[in-house]
Amino acid sequence: MLDLDAVGGKSGQNSVSARVAYNRRRWDLEKDCLPIDDRMPFVCECANDGCLGILELTALEHEAGHMCPHWTAVLPGHVVQGDRSRTLVQHPHFWVVERDVD
Ligand SMILES: [Zn+2]
């Protein structure tokens with residue numbers, strides 16, 4: 001788990017929103033071309049502004065990680081302490097995190 005103070009003391013919500021939007025655009029453009037078992041690279045959607053991590057998800061994994069509007073997909077362990085998020089699922093290669101939008 002990352003420490004919020006160690007990443008600048010900010011929640012990183014703007015950064016998360018930008019990365020989620022980027023991933024959504026890519027998904028909308030490429031989902032129909034992606035074979036069902038192939039993995040596609042996505043930007044990690046964690047709250048660490050400095051994170052440049054890439055996670056690779058199949059179509060089903062991507063959809064499972066974004067079933068609700070406040071769910072994001074992050075690399076394992078990319079949860080920032082104090083950012084009001086909650087880890088829902090821990091897969092070996094990605095975690096699903098619910099963001100508090102208040
Ligand atoms: Zn990350």
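Q: Which side chains of strand S3 (residues 54-57) point to one face and are buried, and which point to the other?
A: In this predicted model, Leu55 and Leu57 share one face and are buried. Buried requires 20 or more other C-beta atoms within 10 Å. In a regular strand, side chains alternate between the two faces of the sheet.

Q: How do you know that S2 (residues 40-43) and S3 pair?
A: Pairing takes at least two bridges between the strands. Four bridges join S2 to S3, and the two run antiparallel. So they pair by that definition. One of the residues involved is Val43, whose bridge partner in S3 is Ile54.

Q: What makes strand S7 (residues 95-99) largely enclosed?
A: Four of its five residues are buried, so the rest of the structure largely encloses S7.

Q: How do you know that S7 pairs with S4 (residues 71-74)?
A: The cut-off is at least two bridges. S4 and S7 are joined by four, in antiparallel fashion. The bridge partner of Ala73 in S7 is Val96.

Q: How do you know that S7 pairs with S6 (residues 85-90)?
A: At least two bridges are needed. Five bridges join S6 to S7, and these strands run antiparallel. Gln90 stands opposite Trp95 in S7. S6 and S7 form a hairpin, with four residues between them.

Q: Why are the buried residues of H1 said to line one face of the helix?
A: The buried residues of H1 are Val16, Arg19, Val20 and Asn23. Seen down the axis of H1, they fall within an arc of 100 degrees, so they line one face.

Q: Which exposed residues does the face of H1 turned away from its buried side carry?
A: That face carries Asn14, Ala21, Arg25, Asp28 and Leu29.

Q: What covers the buried residues of H1?
A: The cover includes S2, S4 and S7.

Q: How does the span of H1 (residues 13-30) compare with the expected value?
A: H1 has 18 residues and reaches 26 Å from its first C-alpha to its last. That is close to the 26 Å expected at 1.5 Å a residue.

Q: What pattern does the protein chain follow along the sequence?
A: The pattern is β-α-β-β-α-β-β-β-β. The chain has two helices and seven strands.

Q: What share of the contacts with a separation of 6 or more joins residues 24 or more positions apart?
A: Such pairs account for 55% of those contacts in the protein chain. Buried residues make up 28% of its 102 residues.

Note on methods
Residues numbered from 1 in each chain as written. Predicted model: local features only at pLDDT ≥ 70, side-chain atom pairs only at ≥ 80, totals over all residues. Buried ≥ 20, exposed ≤ 12 C-beta atoms within 10 Å, placed from the backbone. Contact = placed C-beta atoms within 7 Å. Expected span 1.5 Å × (residues − 1). Arc of directions from axis to C-beta.
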